[in-house]
Amino acid sequence: MPVLVFDEVTKVFKSSIRGRHLYTLGPVNLEVERGEVFGYLGPNAAGKTTTIKLAMGLLKPTSGRIEILGSGSNSVQARRRIGFLPEQPYFYQHLTAQELLEFYGNLFGLSRDENRRRAAKLLDLVGLSAASATTISKFSKGMLQRVGLAQAIVNDPDLVLLDEPLTGLDPAGRREIRDLILDLKSRGKTVFFSSHILQDVEMICDRVGILVGGKILRVASVSEVLEKSVRWTEVEVTGLSSEAARRLGLDDIPGNVEEKAVIRVAEGDDLNGTIGRLMQEGAKIASVMPMRLTLEDYFLSEIENGSKPGEGKKPANPVNNPGSVPGGPRIISNGLEGKSPEGDANARTDLLASRVRGAR
Amino acid sequence: MKAIVLGIAANTFREGVRDRLFLAVGVFAAFVLASSLVIGPLSLGEQTRITEDIGLAAISILSFMIAVLVGTSIVYREIERRTIYTVISKPVERWQFILGKFVGLAGTVTLLVASMTVLLLLIDFAVARQFNGNILVAILLTWMELMLLTALSVLMSTIASPILGAIFSLLLYVIGHASADIRDLAVRFGSGVLRVMTDVVYYAVPNLEYLNVRSKVTHGVNIDPAYVAFASAYALLYAIAFLVIAVLVFERKEFK
């Protein structure tokens, strides 16, 4: 049974003076299942925060139905079992971290002793024990994020909604929060969080929803995304003459390729045959590296395809979308960046280098 | 349910008393009260009355300042600074939030009134060698007036910016104290339209003079307990009405 349901939910913001439409979210249709970690992805101003605020009852939907833990989004009873961390959280500056968590515990009716104990335990959990008596006004952005996460789980919630929880943290802090989210999952909790740090999403999410321009473009499991993402294989060779390359039908040969060449073989093409022919031509195989789209590539291609509604999916562009490799094997680099007169080929290589990571 | 209101109230109270403004007003209040010791002897034989006049006026005006300056930003600032997100998303009803904020601020104002009252009684005793219990009646009604104004400030903070809210509250304070006089003037010298206008203002704005028995008390006039009860109920009803409107406004509020 889903713990969070968005059924045809829309939210229209109008300017207060002329009533002009400023921004529209939705219609959003979404179901988050119990026990999963759901990553809500989207560029800035996509509507991620609006969606979360609608779920928390901070905003009211213009139309549609929201169900959270079996109740409406305004249900006070449901909120007993929900944790929430807003984006760039801000807290009462006059309180110490311990006092702040005790204040939130109070709102759940925790007893004084229980409150004190839990506040101390949570501060320890988010690595703020040493700062428990420090006033919030002296906290750094990262510390605010940590204390924000602590207050989100002060009631040991079943469902936790986190708006950009990894923003503002250093790599070590991000790892700690990631571990914390995974710990919540291992204890059967459901986590819904928005982010644009795709690496983190890829590492901890079961499913992702991609939101662009107020519309959900895709909801898929992370493994499905990774499996379905178009792959190719890069074969690095040495000793391949330009003539031999031409005989093999490789186009766009970027200058001298004898010293080193990287040949991209699209998924579905005959990899073994290509390697065999390269070896027959006297080339020495240096490496064979299967490449896979990262979630980021997937995300970017979804944005690219979804940003112009009405045009449908654009044909994949091999430069902007390195995952789609139409046609047969081709040389994408001679491995001698800077020496090649073929700027385009190098640009393509640079792009690949910045976008593609090794197969997982 | 009660714990939630008290939790929010305690936090608001703590924020209020940890505010530098509260400390500044407190120090200033002590200074004003102490100054009556110097000014008093200048009035021939009226030292006790002068001390009490200054003391009661200081209690009324300075506490009003705290109520308005803190009150008109009390909800607005929570929204502006987004501290409200983590409170309203807990199992907190919106009316509990408003009530908690009011009770917390009322507590802060009460602490100031109580401290100044103790100081005034001590100074009064130092001057007259006896306690004038009657000034407690004046302070009680002043406190009721402050509760009304605190509720008004909380209402203002849900619908307007702090500056606008403070200006409106100040206007209401001035008109509330002078509406009867203004109406009298209009009846004597004004045109028909002016009379209607002053009538509207007279009935629409709470008559704060009902709650002002300060000069009567310092002149030794005894206040009828029935009057105290009536005036207190009057202030209480207005305070409740302001809070109900604040809750109705706040219930509809969205946090963008």
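Guide: A residue is called buried when its relative accessible area is under 20%. Keep in mind throughout that this is a predicted model.

Visitor: Okay, so is A:Glu164 buried or exposed?

Guide: With a relative accessible area of 4%, A:Glu164 is buried, because that value is under the 20% cut-off. A:Glu164 lies in the loop between E7 and helix H6 (171-186) of chain A, and its phi is positive, about 50°, although it is not a glycine.

Visitor: And B:Arg82, which also has a positive phi without being a glycine, where does it lie?

Guide: B:Arg82 is in the loop between helix H4 (76-80) and H5 of chain B, with a phi of about 65°. Its relative accessibility is 26%, so B:Arg82 counts as partly exposed.

Visitor: Switching topic, what is the mean pLDDT of chain A?

Guide: The mean pLDDT of chain A is 78, and 79% of its residues reach 70 or more. There is a stretch over residues 308-327 of chain A where pLDDT is below 50, and for that stretch the model has 34 contacts beyond near neighbours in sequence. Residues 335-360 of chain A also stay under 50, with 45 contacts beyond four places in sequence. Where pLDDT is low, the predicted coordinates should not be read in detail.

Visitor: What's the strand order in the six-stranded sheet?

Guide: In chain A the order is E6-E7-E8-E3-E9-E10, an open sheet with mixed pairing. Strand E6 (82-85) and strand E10 (215-221) of chain A are the edge strands, each of them pairing on one side only. On average, neighbouring strands of this sheet are turned by 15° against each other, direction ignored.

Visitor: Which way does E6(A) run against E7, parallel or antiparallel?

Guide: E6(A) and strand E7 (residues 159-163) of chain A run parallel and are joined by four bridges; the bridge partner of A:Ile82 in E7(A) is A:Leu159.

Visitor: Which helices pack on that sheet?

Guide: Helix H1 (residues 48-55) of chain A is one of them, touching strand E3 (37-41), E6, E7, strand E8 (190-195) and strand E9 (207-212) of chain A, with its direction at about 150° to that of E7(A). Helix H5 (residues 141-152) of chain A also packs on the sheet, where it touches E6 and E7 of chain A, and its direction makes about 165° with that of E6(A).

Visitor: How about aromatics, how many pairs come up over all chains?

Guide: The count comes to 14 aromatic pairs over all chains. In one of them, A:Phe91 and A:Tyr104, the ring centres are 6.3 Å apart and the planes are at 80°, so the pair is edge-to-face. A:Phe91 lies in the loop between E6 and helix H3 (97-107) of chain A while A:Tyr104 lies in helix H3 of chain A, so the pair ties together parts that are 13 residues apart in sequence. A:Phe91 counts as buried at 0% relative accessibility, and A:Tyr104 counts as buried at 0% too.

Visitor: Why is H3(A) described as largely enclosed?

Guide: Ten of the eleven residues of H3(A) are buried, so the rest of the structure largely encloses this helix. Its buried residues are covered by elements including helix H4 (112-125) and H5 of chain A, together with helix H1 (2-18) and helix H5 (85-88) of chain B. Just after H3(A), A:Gly109 takes a positive phi of about 70°.

Visitor: Anything aromatic in chain B, and what links up with B:Tyr238?

Guide: Ring pairs link B:Tyr210, B:Phe230, B:Tyr234, B:Tyr238 and B:Phe242 into a cluster. Both B:Tyr238 and B:Phe242 lie in helix H11 (residues 225-251) of chain B, four residues apart, about one turn of the helix, and both are buried. Their rings form a tilted pair, 5.9 Å centre to centre with 40° between the planes.

Technical notes:
Residues numbered from 1 in each chain as written. Chains lettered and ligands numbered in written order. Predicted model: local features only at pLDDT ≥ 70, side-chain atom pairs only at ≥ 80, totals over all residues. Heavy atoms only, no water. pLDDT = per-residue confidence, 0-100. Contact = heavy atoms within 4.5 Å. Pairing = 2+ DSSP bridges. Helix = DSSP H or I, 4+ residues; strand = E, 2+ residues; numbered from the N terminus. Axes fitted to C-alpha atoms, helices over the stretch in contact; angles between N-to-C directions. Phe/Tyr/Trp six-rings, centres within 6.5 Å; stacked < 30°, edge-to-face > 60°. Buried < 20%, exposed > 50% of the residue type's maximum accessible area, 1.4 Å probe, protein only.
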